[in-house]
Amino acid sequence: MTKVRTRFAPSPTGYLHIGGARTALFSWLYARKMGGDFILRIEDTDLERSTQASVDAILEAMAWLDLHYDEGPFYQTQRFDRYKEVVQQLLESGHAYYCYTSKDELDAMREAQMARKEKPRYDGRWRDSTETPPAGVSPVIRFKNPLEGVVEFDDMVRGKIAISNTELDDLIIARSDGIPTYNLSVVVDDIDMGITHVIRGDDHINNTPRQINIMRALGHEPPIFGHVPMILGPDGQRLSKRHGAVNVMQYRDEGYTPEALLNYLVRLGWSHGDQEIFSREEMIQLFAAEDLNRAPSAINPDKLVWLNQHYLKTLPVEDIVKQLQWQLESQKLDISQGPRLEHVVMAQRERVHNLAEMLSASRYFYEPITSYHPDAIAKQFKPETANYLQTVQDELASIEHWQDEPIHAAIQTACEKLGVKLGKVGPALRVAVTGNTSSPSLEVTLRLVGKERSLERIANAIKFIKNS
RNA sequence: GUCCCCAUCAUCUAGUGGCCUAGGAUAUCGCCCUUUCACGGCGAGUACUGGGGUUCGAAUCCCCAUGGGGACGCCA
């Protein structure tokens with residue numbers, strides 16, 4: 001049995017979007033599962049729209065998701081000689097021909113066909129023409145598609161698909177400037193790179209019979225195709241910028257872990273019974289093309305958030321600390337004057353939705369409090385609060401080992417001395433130390449803020465209350 | 001318009017002719033836990049697009065309709 005070889009072949013005309021990432025993931029999973037190779041190929045034959053910035057963005061996203069490729073990235077722009085050679089071969093074998101039809105003529109042709117309610121397509125006027133070519137026109141080269149018969153293929157996810165050759169026209173395989181087009185370069189590359197399984201978006205279904213015809217004209221049998229449905233926006237419409245994050249890297253910026261995004265993506269169009277949580281290893285182990293769905297699926301941001309929380313709660317603390325580095329720089333938070341990040345992660349991992357929030361909700365561990373939350377002042381800072389805080393401060397001040405237990409005990413003792421419930425003192429203490437109404441449990445919060453700073457902040461709060 | 005593909009809760013999905021008075025997850029709503037915010041636990045509501053067949057029996061098979069998506073480029 002030949003080794004499985006899959007490929008992901010994005011065109012660098014923009015960042016890697018969420019749909020592309022999922023296609024890449026499925027392709028990668030299949031190769032891993034089958035012990036095969038995964039190849040990255042950059043389809044940059046559109047010189048007008050391809051940019052180096054897009055190539056970099058795609059590579060960065062692949063790296064962030066850690067979808068490792070065994071070969072590549074290959075660039076089609078570096079293989080022009082090879083494509084030209086194949087086009088020449090097709091010309092010589094009578095499978096291709098020069099076409100001198102201008103763009104204006106083509107437009108007119110399409111319009112007329114649409115008016116007649118026909119499927120717009122090239123009419124093959126130069127296919128067998130013996131006419132003298134018009135002077136000064138640089139021709140394109142078209143593939144001589146079979147006139148009759150049916151192209152059949154057995155799709156990995158959809159089963160048998162058959163398209164009649166009469167539906168297909170003679171597509172352009174080389175532009176008038178000699179640069180090959182997508183359908184040609186894909187075929188040549190898939191042959192040369194020994195691709196056995198092409199997993200791609202179902203927007204390519206219509207291209208498949210054309211590519212199969214070209215392959216056969218070249219004397220090769222086509223690979224196995226698997227067309228996965230597209231991803232829709234939350235409203236069921238085609239995914240676009242107005243649907244929020246479509247750029248994979250934006251998810252990193254917003255504080256999602258790659259583990260969560262991958263887990264979310266793998267469950268979009270694929271399932272393994274009722275299982276929701278998949279580690280990378282499990283995905284590889286359990287992935288099967290039969291379990292791929294045929295229907296398009298709408299993206300559901302809430303579920304991604306849930307998964308992200310799950311990974312925040314369960315990933316090793318060191319991993320989260322590592323991922324926090326990017327946020328640290330982005331949020332310009334200096335952590336040199338505060339608790340170790342590990343401790344903050346442990347304190348916050350169960351109460352935030354993402355990495356960005358984990359840091360933004362932790363600033364008071366590192367930075368002075370500049371103001372109290374307005375609602376908090378109204379609700380928690382009453383005249384008698386000053387007295388409560390004073391008692392708490394006295395108890396806290398006498399603590400020798402600034403740890404959870406003693407801190408907790410000190411707060412309890414203060415309450416007893418005051419003869420009030422913790423509910424009277426706790427919230428105010430929290431506001432005093434964090435400036436906010438929510439934080440980890442009091443003892444953890446105070447521990448992380450530190451003894452000296454805690455006492456100082458309580459003193460400031462007492463002053464604030466007395467002056468207001 | 002023509003061709004191709006698709007169709008189970010709001011969303012992601014399980015389901016491959018009887019186990020389905022349709023299961024799980026997210027979200028929502030209750031209740032419990034609780035010093036805040038969360039976590040967690042328990043529970044509730046919500047779906048087989050419609051119509052014809054096939055069959056003793058259809059969410060599951062076939063046909064039609066409807067709806068959605070895609071393709072129809074000297075883009076990929």
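**Briefing: Ala174 and the surface near RNA strand B**

Ala174 sits in strand S8, which spans residues 172-174. The model is predicted. In it, 61 residues surround RNA strand B, and helix H10 gives the largest share of that surface, five residues.

**Ala174 and its surroundings**

- Ala174 has a relative accessibility of 3%, so it counts as buried, the cut-off for buried being under 20%.
- Beyond its neighbours within four places in sequence, Ala174 is in contact with Val140, Ile141, Ile179, Pro180 and Thr181.
- Between Ala174 and Leu184 the C-alpha to C-alpha distance is 7.9 Å, with 10 residues separating them in sequence.

**Individual contacts with RNA strand B**

- The closest residues to RNA strand B are Arg158, Arg175, Gly269, Glu350 and Arg351.
- Tyr182 places a backbone N or O atom 2.9 Å from a phosphate oxygen of RNA strand B.
- For Asn206, a polar side-chain atom is 3.1 Å from a sugar or linking oxygen of RNA strand B.
- The side chain of Ser271 has an N or O atom 2.7 Å from a phosphate oxygen of RNA strand B.

**Make-up of the surface near RNA strand B**

- Two or more residues each come from helix H4 (103-115), strand S12 (297-298), helix H10 (301-314), helix H17 (422-434) and helix H18 (442-449).
- By residue class, the surface near RNA strand B holds 25 charged, 20 polar and 16 nonpolar residues.
- On the RNA side, sugar or phosphate accounts for 70% of the atoms of RNA strand B within 4 Å of the protein, and bases for the rest.

How values were computed:
Residues are numbered from 1 along each chain as its sequence is written. Chains are lettered from A and ligands numbered from 1 in the order in which they are written. This is a predicted model: local features need pLDDT of at least 70, side-chain atom pairs count only at pLDDT 80 or more; totals for chains, interfaces and linings use all residues. Side-chain values use heavy atoms; hydrogens and water are left out. Helices (H or I, at least four residues) and strands (E, at least two) are DSSP runs, numbered from the N terminus. Buried means under 20% relative accessible area, exposed over 50%, partly exposed in between (1.4 Å probe, protein chains only). Contact means heavy atoms within 4.5 Å. A residue is near a molecule or strand if one of its heavy atoms lies within 4 Å of it. A polar contact is a pair of N or O atoms within 3.5 Å; within protein, one must be able to donate a hydrogen and the other to accept it, and residues adjacent in sequence count only if both atoms are side-chain atoms. Ala, Val, Leu, Ile, Met, Phe, Trp, Tyr, Cys and Pro count as nonpolar, Asp, Glu, Lys and Arg as charged, and the others, Gly among them, as polar.
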